[in-house]
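Hi,

Here is the structure I said I would pass on. Have a look at it first, and then read my notes below.

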Amino acid sequence: MIIRKATKNDMPSVLELIQELATFEKEPDAVVVTVDDLVRDGFSENPLFQCFVAEVDGEIIGMALYYYRYSTWKGKTIHLEDLIVKESKRGTGAGFALYKEIIKQGKAENVRRIEWNVLDWNTPAIDFYEKSGAKVLGDWRVVHMDDKGIEQFLNTTI
């Protein structure tokens with residue numbers, strides 16, 4: 001198995017993994033990003049994300065997509081957006097290898113925090129994260145506003 005930085009040519013496989021993750025998270029119709037979006041957003045002069053892939057015999061079997069954020073308390077941080085391994089390749093160590101690569105990247109970049117979200121029903125992931133030294137925060141709630149919410153907010157007064 002090889003863990004390496006993703007290239008433009010890997011984006012069709014990355015998109016397949018994103019779709020597989022959406023299905024796993026019970027949101028199979030939520031993915032609207034395209035290969036062209038991924039290429040544009042990840043490989044432009046100022047990329048919006050970075051990505052590692054796990055490859056076995058020329059096949060992409062997993063990926064970890066991340067980007068840098070800035071915390072007013074901690075400074076430079078990494079946000080791990082998604083880490084996914086093909087269902088048929090789970091248990092091969094690919095997920096652990098990708099996770100470790102993200103942690104190594106954080107160390108190399110001197111970030112003070114690496115953060116990500118995990119669904120409350122994904123107890124195997126939660127158990128793994130806690131055993132690895134990560135803290136799963138129970139007192140914070142994820143807040144987001146989708147495109148419809150943005151439009152609605154901008155067209156109403158409170």
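What share of the contacts in the protein with a separation of 6 or more comes from residues 24 or more positions apart? It is 55%. Bear in mind that this is a predicted model, so everything here is computed from it.

**The overall picture**

The protein has five helices and five strands. Starting at the N terminus, they come in the order β-α-α-β-β-β-α-β-α-α. Along the principal axes, the C-alpha atoms fill a box of roughly 55 × 35 × 35 Å. The radius of gyration is 17 Å, which agrees with the value near 15 Å that a compact globule of 158 residues would have. Of those 158 residues, 32% count as buried. The accessible surface is about 11000 Å², and carbon and sulfur atoms make up 52% of that.

As for annotation, the unreviewed UniProt entry carries "domain: N-acetyltransferase" over residues 1-155. That span is 35% helix and 25% strand, and its end C-alpha atoms are 51 Å apart.

**Helix 3**

This is where I'd look next. Helix 3 covers residues 94-108, so to speak 15 residues, and it reaches 21 Å from its first C-alpha to its last, close to the 21 Å expected at 1.5 Å a residue.

Which residues of helix 3 are buried? They are Ala 94, Leu 98, Tyr 99, Glu 101, Ile 102, Gln 105 and Gly 106. Looking down the axis of helix 3, you'll find these buried residues within an arc of 155°, so they line one face of the helix.

What covers the buried residues of helix 3? The cover includes strand 1 (2-5), strand 2 (50-56), strand 3 (59-71), strand 4 (75-85) and strand 5 (113-115), along with helix 4 (123-131).

**Helix 4**

Helix 4 has a buried side too: Ala 125, Ile 126 and Tyr 129 are its buried residues. Seen down the axis of helix 4, they fall within an arc of 100°, so they line one face of that helix. These buried residues pack against helix 3. Pro 124 and Lys 131, on the other side of helix 4, are exposed. Just after helix 4 comes Gly 133, with a positive phi of about 105°.

Most residues other than glycine have a negative phi.

- Asn 110 follows helix 3 and is placed in the loop between helix 3 and strand 5. Its phi is positive, about 55°, although Asn 110 is not a glycine. Asn 110 is exposed, with a relative accessible area of 64%.
- Lys 26 sits in the loop between helix 1 (11-24) and helix 2 (35-42). Phi of Lys 26 is positive as well, near 65°. Is Lys 26 buried or exposed? Its relative accessibility is 60%, so Lys 26 counts as exposed.

Cheers

Terms used:
Residues numbered from 1 in each chain as written. Predicted model: local features only at pLDDT ≥ 70, side-chain atom pairs only at ≥ 80, totals over all residues. Heavy atoms only, no water. Helix = DSSP H or I, 4+ residues; strand = E, 2+ residues; numbered from the N terminus. Expected span 1.5 Å × (residues − 1). Buried < 20%, exposed > 50% of the residue type's maximum accessible area, 1.4 Å probe, protein only. Arc of directions from axis to C-beta. Contact = heavy atoms within 4.5 Å. UniProt positions renumbered as here; feature names shortened; annotations may be inferred. Rg over C-alpha atoms; globule rule 2.2 N^0.38 Å. Areas by Shrake-Rupley, 256 points an atom, 1.4 Å probe, with all protein chains shown as cover.
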